[in-house]
There are 2 protein chains.
Amino acid sequence: VRISELSRVSGVPLATVKFYLRDGLLPPGERTGPNQASYGPAHLRRLRLVRALVEVGGVSIAQVRKVLTAVEDESLDRHDMLGTVQDTLAGAEPRTDPDWQVARADVDAFIAARGWHVRAAAPARDRLTEILVALRATLADPEHGPDPTAEELFGHYLPAIEEIAASEIAHLPGPDAPRAVLAEATVMGIALFGPAVKTLLTLAQENASARRFRTISEPSQKSRTVGFPTPEA
Amino acid sequence: VRISELSRVSGVPLATVKFYLRDGLLPPGERTGPNQASYGPAHLRRLRLVRALVEVGGVSIAQVRKVLTAVEDESLDRHDMLGTVQDTLAGAEPRTDPDWQVARADVDAFIAARGWHVRAAAPARDRLTEILVALRATLADPEHGPDPTAEELFGHYLPAIEEIAASEIAHLPGPDAPRAVLAEATVMGIALFGPAVKTLLTLAQENASARRFRTISEPSQKSRTVGFPTPEA
């Protein structure tokens, strides 16, 4: 189809489609005349992917370019492609101060104790270290003994987290799926299901808070409501 | 203590401390002279909180101000304070197009079916709608029937998500804790444990991917490694 039709079907404004084309985020169409090109289903899929990353995933154009490079690099097997996408979206700068070094060693020990297979250089290790340092600094209390460990702060999350991750990876297409399909499922999984989990957690926290801090009985099958009740408690 | 000491103990540069003071993110110290003020443990705690939000949580200064206003508003009970903090950090703009309306109705039905107590106006509903619209647009496939529902895409996450949320809320200080302590625990919980869950999930995904796409046996108690092995598979 022509570029105007691609814009119409995808719902992406024509100027944005042209911007993605100029920027190489969308591969060029097939030339059909001196000033015309034709676009197919692969263009539509790619356009939707780029738009989802930028508009919903909050991914920068520079990051999208890196992600797409990994997706198109046929020398990467599925596991390495997933790792490259994760690294691009994780982003944290390692530091050299003593607090950081101590926390990083704790994070490494925490991951090792769980038996997880995670590259020593995975940026997510630095990101978790960053969060641990901040939590320790904020929770620091000279009267209450030593700093909390990664195991103390994060250990209780692990069974649920492993369940979610295993389910996500199991949902990815099998080895027979075309590479492009698997690549897109991987990118979507990391860029959109990540925010989805965070948002579901926000909703579940509100529910758990209502149940702890307000007097609300368990919902019966009959009286489920969407709105938030205003109990007398 | 004096402002220079506050900077030293917290590790926050003096210029940043002064900026937070001018900006009202840090309450003024007690005047001890024409050009001097004294700061106590509450200032140190607040300084660490602001820094963690901005540097690790990626929260904007404007959002921090809103969060602190909720924290200091004594008319809010614990549940409403948690809700206000969540709303400030959730952020999504509702839209009026038909795709959005359909998806939003699906999200509402999904939450209602689970029996969750979530305000009808909670921004997290809009955020989940935004993600659902993006997933539907990207996964759209005319040959494979109707759009996936929220239940189909997100339902499998719910048991683990409920477990995490219940555990987090249970970890908050009880009704006897001073309001400031509870407020800080709530803000930290949402601003830092949220990213922690996302990061733990990234690590767990890498592990699950290694186990699915590479040939790795279950770790024995003896041979746990931090680094990523390079299997022959």
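How many cavities of 30 Å³ or more does the count come to? The count comes to two. The structure is a predicted model, in which local features need pLDDT of at least 70, side-chain atom pairs count only at pLDDT 80 or more, and totals for chains, interfaces and linings use all residues. Residues are numbered from 1 along each chain as its sequence is written, chains are lettered from A and ligands numbered from 1 in the order in which they are written, and side-chain values use heavy atoms, with hydrogens and water left out.

Chain A contains ten helices and two strands. These elements are DSSP runs numbered from the N terminus, with helices being H or I of at least four residues and strands being E of at least two. Along the sequence, the order is α-α-β-β-α-α-α-α-α-α-α-α. Of the 233 residues in chain A, 48% are buried. Buried means under 20% relative accessible area, exposed over 50%, and partly exposed in between (1.4 Å probe, protein chains only). The accessible surface of chain A is about 11300 Å², and carbon and sulfur atoms hold 54% of that surface. These areas come from the Shrake-Rupley method with a 1.4 Å probe; for residues, only the protein chains shown count as cover. Contact means heavy atoms within 4.5 Å. Among contacts in chain A with a separation of 6 or more, 56% join residues 24 or more positions apart.

Two copies of a chain are related by a rotation about an axis and a shift along it. Here, chain A is superposed on chain B by a rotation of 180° with 0.0 Å of shift along the axis, at an RMSD of 0.0 Å. This is the relation of a two-fold axis. Ala160(A) is the residue of chain A that comes closest to the axis, with its C-alpha at 2.4 Å. Of the interface residues of chain A, 100% are also interface residues in chain B, so the copies meet through the same surface.

Individual residues illustrate contacts between the chains. Thr199(A) lies in helix 10 of chain A. Its relative accessibility is 5%, so Thr199(A) counts as buried. Beyond neighbours within four places in sequence, Thr199(A) contacts Ala124(B), Arg127(B), Leu128(B) and Ile131(B). Leu49(A) sits in helix 3 (residues 41–56) of chain A. Leu49(A) is buried, at 1% relative accessibility. With residues up to four places away set aside, Leu49(A) touches Leu68(A), Glu184(A), Val187(A), Met188(A) and Thr138(B). The C-alpha atoms of Leu49(A) and Leu68(A) are 9.8 Å apart, across 19 residues of sequence. Ala137(A), in helix 7 (residues 123–139) of chain A, is partly exposed at 32%.

The largest cavity has a volume of about 40 Å³. A cavity is a set of points on a 1 Å grid over the protein atoms alone where a 1.4 Å probe fits but cannot get out; lining residues have an atom within 4 Å of a point. Points are joined across faces, edges and corners, and the volume is the space filled by probe spheres set on them. The lining consists of Gly194(A), Val197(A), Lys198(A), Gly194(B), Val197(B), Lys198(B) and Leu201(B). Helix 10 (179–213) of chain A and helix 10 (179–213) of chain B each give two or more residues to this lining. Helix 10 of chain B supplies the largest share, four residues.

Key: 1 Å grid on protein atoms, 1.4 Å probe; cavity = no way out; pocket = protein on both sides within 12 Å on 5 of 7 lines; lining within 4 Å. Least-squares fit on C-alpha atoms with pLDDT ≥ 70 in both.
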